[in-house]
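Here is a friendly walk through the model you have open. Please keep the sequence and the 3D view side by side as you read.

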Protein chains: 2
Amino acid sequence: MALRNHQFRQAARPVGAVKRSDFDYVEAPVRAPGDNEVLVKILYISLDPAMRGWMNEGKSYIAPVQLGEVMRAGAVGKVLESKHPKFSTGEFVSGTLGVQEYATVDGKLLTKVDPDVAPLPVYLSALGMPGMTAYFGLLDVGKPQPGQTVVVSGAAGAVGSVVGQIAKIKGCRAVGIAGGKQKCDYLTQTLGFDAAIDYKSEDVKKSLREHCPQGVDVYFDNVGGDILDIVLTQINRNARIVICGAISQYNSTSGVKGPSNYLSLLVNRASMTGMIVFDYAARYGEAGREMAGWLKSGQLQTREDIVEGLETFPETLLKLFSGENFGKLVLKVADA
Amino acid sequence: MALRNHQFRQAARPVGAVKRSDFDYVEAPVRAPGDNEVLVKILYISLDPAMRGWMNEGKSYIAPVQLGEVMRAGAVGKVLESKHPKFSTGEFVSGTLGVQEYATVDGKLLTKVDPDVAPLPVYLSALGMPGMTAYFGLLDVGKPQPGQTVVVSGAAGAVGSVVGQIAKIKGCRAVGIAGGKQKCDYLTQTLGFDAAIDYKSEDVKKSLREHCPQGVDVYFDNVGGDILDIVLTQINRNARIVICGAISQYNSTSGVKGPSNYLSLLVNRASMTGMIVFDYAARYGEAGREMAGWLKSGQLQTREDIVEGLETFPETLLKLFSGENFGKLVLKVADA
């Protein structure tokens, strides 16, 4: 049986929000693996805010997706055929496999994952890039000390929810900023955050003052824009702001809004530092083992928002930017 | 003979640029020193951009000057009478003595200075707060490595000129941004900067590209605004931006302009960190000794822009914001 692949290839550089017409949805033959290659049947695809940035032209921390190229995405799948000594048919793997049904890639780009340790979608969430981003961004860049206050925006998202839970594990006060009562209740009632602020219905500055009576020592920023500016007014001396993302700005067609309160860094001898998870690749194993332990002990919980159907990709991706997703957004492509 | 003091007291919170009417110029009796106090005849007063911030109401790294209070300023003077065991008549001292002719202060707030080591105004410049700011801001926050490129704005000013010279001493490439050909020539021809960019007549981005062929590793920012935004486009991975000041923004009545290119911090895993020189007070001695050595060896040069007459204070202060001063701006109040 000759397998047929379906793929989303980038067709245009988006202006503002991504549209279906920014992609071509194509059928293509599946390439048989050559030496050291592995043919993977993709089961779950990770949808992440960073993907919007990869679609833009120009210098960034990673090359842009080229027009005509399969849209870049992390994914988990099952090995159908392997010509790499490390992998065997039937094993599960993760890697940057793209928005498609099948991928034929060099085995060195794959990592084995174990469905007995955690359900497969968790390898795109707490045990995948979002979890690694939270772990290294908070611990290595934010450097929270026990008793300090950690604020995180996008707190119900894949990265933010892990940031707040690690902050709690490390003995900090964790305050999350998220959109809507349902997400805020989830943060405090299920994940154990000390407080949650609904930016859609609350005066964020007033609520920050109330929920961070000792000020803000670490701010893990996923959103940028007005929220970053407001948190800047509440930081403590020597505070650390981790710049992980700026989802409020990614679709802006009128330029990025810079933080007008940045001089709070000066007054407070504070810092604002960018982080890219790929820099920590050599330490993913270390973090993964610790996170798996926390998952097992119940100290760390994850929630995946799973949407079925490869062909829904462009519209499903938009859920990230409207704030509609609740938990790590994952596209389910096939059953194992 | 009963001495009469003349003082500038803050009379109003300035809106935009400082005006003479923001002060009262008053005559007052000179208070005789009590136990542990010293009466100082002020000779030179330091005029610094930070003074503008001290005049504003509201929380900052230091309490605002209260209305009716003598305007805060660093100064150098001569001891007229001492009831503190550490000081004797005729000695020279520095301290936060205010914009006035005489100050009666607790001896513990004074530091002895030696006119045989350097001319008195230099104790308000390279051997004073500006020099300490440059030293600790560059070395402790900027952490330049030999061979790296250091860019500094306000480069012909009291802080910036020292930053660039220390960068050279530490084996870095030093590029200064200043206003006007005269200042730029001074940087390259007298102070040994590798290059200078005249922001008034050049395309700063283009010139940065040309003069920083290896990109920017450390940016020491004294000005904020558009220059900060432009430098952000040229930083290297792991670059350090030292936020020392933002003189372009201090008189703004329409709010501060935030750096819209701040996401360059993310892409480049770079940091932006505020610094306040007072945090390094315990190490001023260490820095002062090293800087005095560099002054003696000729590796470090200073230039003071000395204006005579206490009564010119409000207008002289404005030279800082118009970019008119050339070197450390000092108000000469009296002869020793």
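## A loop residue to start with

A:Arg269 sits in the loop between α7 (264-267) and β13 of chain A; helices (H or I, at least four residues) and strands (E, at least two) are DSSP runs, numbered from the N terminus. This is a predicted model, in which local features need pLDDT of at least 70 and side-chain atom pairs count only at pLDDT 80 or more, while totals for chains, interfaces and linings use all residues. Residues are numbered from 1 along each chain as its sequence is written, and chains are lettered from A and ligands numbered from 1 in the order in which they are written.

The phi angle of A:Arg269 is near 50°, a positive value in a residue other than glycine. B:Lys143 belongs to the loop between α2 (129-142) and β8 (149-153) of chain B.

| Residue | C-beta neighbours inside 10 Å | Class |
|---|---|---|
| A:Arg269 | 19 neighbours | partly exposed |
| B:Lys143 | 12 neighbours | exposed |
| B:Phe92 | 20 neighbours | buried |

## Chain A as a whole

Chain A has 9 helices and 15 strands. Its radius of gyration is 20 Å, close to the 20 Å that the globule rule gives for 336 residues, so chain A is as compact as a globular protein of that length. Here the radius is taken over C-alpha atoms, and the rule is 2.2 Å times the number of residues to the power 0.38. Along the principal axes, the C-alpha atoms of chain A fill a box of roughly 65 × 45 × 35 Å. Of the 336 residues of chain A, 50% count as buried.

Contacts are worth a look too. Two residues are in contact if their C-beta atoms, placed from the backbone, lie within 7 Å. Among contacts in chain A between residues at least 6 apart in sequence, 65% join residues at least 24 apart.

Across the boundary, 16 residues of domain 1 of chain A are in contact with 13 residues of domain 2 of chain A. The domain 1 side of this boundary divides into 6 nonpolar, 7 polar and 3 charged residues. In this scheme Ala, Val, Leu, Ile, Met, Phe, Trp, Tyr, Cys and Pro count as nonpolar, Asp, Glu, Lys and Arg as charged, and the others, Gly among them, as polar.

## Two strands up close

Strand β9 (residues 173-178) of chain A has 6 of its 6 residues buried, so it is largely enclosed by the rest of the structure. A:Arg173, A:Val175 and A:Ile177 point one way from β9(A), and A:Ala174, A:Gly176 and A:Ala178 the other way. Strand β8 (residues 149-153) of chain A runs parallel to β9(A), joined by 5 bridges; two strands pair if DSSP finds at least two bridges between them. A:Thr149 stands opposite A:Arg173 in β9(A).

In chain B, B:Phe92 is part of strand β5 (residues 92-96). Leaving aside neighbours within four places in sequence, its contacts include B:Val76, B:Lys78 and B:Leu120. B:Val113 is 21 residues from B:Phe92 in sequence and 5.5 Å away in space, C-alpha to C-alpha.

## How the two chains meet

Which residues or elements of chain B touch chain A? In number, 25 residues of chain B are in contact with 25 residues of chain A. α7 (264-267) and β13 (271-274) of chain B each supply at least two residues of that side, and β13(B) gives the most, with 4 residues. By class, this side of chain B has 14 nonpolar, 8 polar and 3 charged residues.

Strand β13 (residues 271-274) of chain A and β13(B) run antiparallel, joined by 3 bridges. The bridge partner of A:Thr273 in β13(B) is B:Ser271.

Chain B can be laid on chain A with an RMSD of 0.0 Å by a turn of 180° and a shift of 0.0 Å along the axis. That is the relation of a two-fold axis. The copies are superposed by least squares on the C-alpha atoms of residues with pLDDT of at least 70 in both. B:Gly258 comes closest to the rotation axis among the residues of chain B, at 2.2 Å (C-alpha). Because 100% of the interface residues of chain B are also interface residues in chain A, the copies meet through the same surface.
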